[in-house]
Amino acid sequence: MKVKTLNDHDFDEACRKLAQLIEASGFHPDLIVGIATGGDYVAERLQHHMHPTPALASIRLQRPSTKAKAGLLSRIVRHLPRPVCDALRIIESKILTITDRTRAKTIQEIPIPQQIKQAIAAGAKKILIADDAIDSGQTMLTVKKALEKAQPPKAEIKTETTNKTKKAEIKTAAITKTRPNPLLNPDFTLLPTPTIVRFPWAPDA
């Protein structure tokens, strides 16, 4: 496992390459949903690099460990040498991998923002969920299940060749995946697995 640091330019370039990868597959989203907070930055950059430009929305769902990083710990790591921060990130990832194995894998119900409901009701046919990194995969899986459940009948479309209805296609993307077997494997990732990424907004960036 390695730690890769992305500055602002590197991050934009990574999102540009991820956008190219997505579009090269033939998938052209008309709505990108970023998972706040890191996923919002990814979604915004993907939107910038995609043509035609998709709509943008955000949904919030953070794991407890993400919230725990705020406060005193984030202030401390700013002053630590980079190799020490790298080692701490790897240790943290290994600990979370163990704790995630023992945690019950329940898919919680989450509220869907009105902006997303309106986009789906208006006929969004291809939806891309974006996040910065996939760890256990539970967050991404929870959001995907929620969006699948949120689709009303009017969001279904009829194809030209059949009378059968087809719901909006939902795919997932992230810059990196830190574990080989998460609960949800994103449809699109950029970096080799496993890679921990230090993003520009990180406390130890």
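This is a predicted model: local features need pLDDT of at least 70, side-chain atom pairs count only at pLDDT 80 or more; totals for chains, interfaces and linings use all residues.

Reader: Where in the chain does Phe-27 lie?
Author: Look in the loop between helix 1 (8–24) and strand 2 (31–36).

Reader: And how many residues apart in sequence are Phe-27 and Lys-126?
Author: They are 99 residues apart in sequence, and their C-alpha atoms are 7.7 Å apart in space.

Reader: Nice. What about Met-140, buried or exposed?
Author: Met-140 counts as buried, at 1% relative accessibility. You can find Met-140 in helix 7, which covers residues 138–150. From Met-140 to Ala-173 there are 33 residues in sequence, with 9.3 Å between the C-alpha atoms.

Reader: Let's go to the start of the chain. Where is Met-1?
Author: Met-1 sits in the segment before strand 1 (2–5). Met-1 is partly exposed, with a relative accessible area of 46%.

Reader: How far apart in space are Met-1 and Arg-179?
Author: 9.3 Å, C-alpha to C-alpha, although 178 residues separate Met-1 and Arg-179 in sequence.

Reader: How many of the lining residues are charged?
Author: The lining of the second largest pocket has 5 charged residues, along with 3 nonpolar and 3 polar ones.

Reader: Changing topic: how many salt bridges does the structure hold?
Author: It holds 7 salt bridges. One of them joins the side chains of Asp-86 and Arg-198, at 2.4 Å from N to O. That pair links distant parts of the chain, with Asp-86 in helix 5 and Arg-198 in strand 9, 112 residues apart.

Reader: Why can side chains pair like that?
Author: Side chains can pair because they carry opposite charges and their charged atoms come close.

Reader: Are Asp-86 and Arg-198 buried or exposed?
Author: Asp-86 is buried, and Arg-198 is buried too.

Reader: Which residue forms a salt bridge with Arg-89?
Author: That would be Asp-204, with 2.9 Å between the closest N and O atoms.

Reader: Which residues are linked in a network of salt bridges?
Author: Asp-86, Arg-89, Arg-198 and Asp-204.

Reader: What about the salt bridge of Lys-171 and Glu-169?
Author: Their side chains meet at 3.7 Å, N to O. Lys-171 counts as partly exposed at 22% relative accessibility. Glu-169 is partly exposed as well, with a relative accessible area of 28%.

Reader: Which residues form a nonpolar patch on the surface?
Author: Leu-80, Val-84, Leu-88, Ile-91 and Ile-95 do, and together they have about 390 Å² of accessible area. Leu-80 is found in the loop between helix 4 (72–77) and helix 5 (82–102). Leu-80 is partly exposed, at a relative accessible area of 31%.

Reader: Last topic: what kind of peptide bond joins His-51 and Pro-52?
Author: A cis one, with omega about 0 degrees. Most peptide bonds are trans. Pro-52 lies in the loop between helix 2 (38–49) and strand 3 (55–60).

Reader: And what about the bond from Thr-193 to Pro-194?
Author: That peptide bond is cis, with omega near 0 degrees. You will find Pro-194 in the loop between strand 8 (188–189) and strand 9 (195–198).

How values were computed:
Residues are numbered from 1 along each chain as its sequence is written. Side-chain values use heavy atoms; hydrogens and water are left out. Ala, Val, Leu, Ile, Met, Phe, Trp, Tyr, Cys and Pro count as nonpolar, Asp, Glu, Lys and Arg as charged, and the others, Gly among them, as polar. Patches are made of residues with over 30% relative accessible area and no salt bridge: like charges are joined within 9 Å, nonpolar side chains (Val, Leu, Ile, Met, Phe, Trp, Tyr) within 5 Å. Accessible areas come from the Shrake-Rupley method with a 1.4 Å probe; for residues, only the protein chains shown count as cover. A salt bridge is a side-chain nitrogen of Lys or Arg within 4 Å of a carboxyl oxygen of Asp or Glu. Helices (H or I, at least four residues) and strands (E, at least two) are DSSP runs, numbered from the N terminus. Buried means under 20% relative accessible area, exposed over 50%, partly exposed in between (1.4 Å probe, protein chains only).
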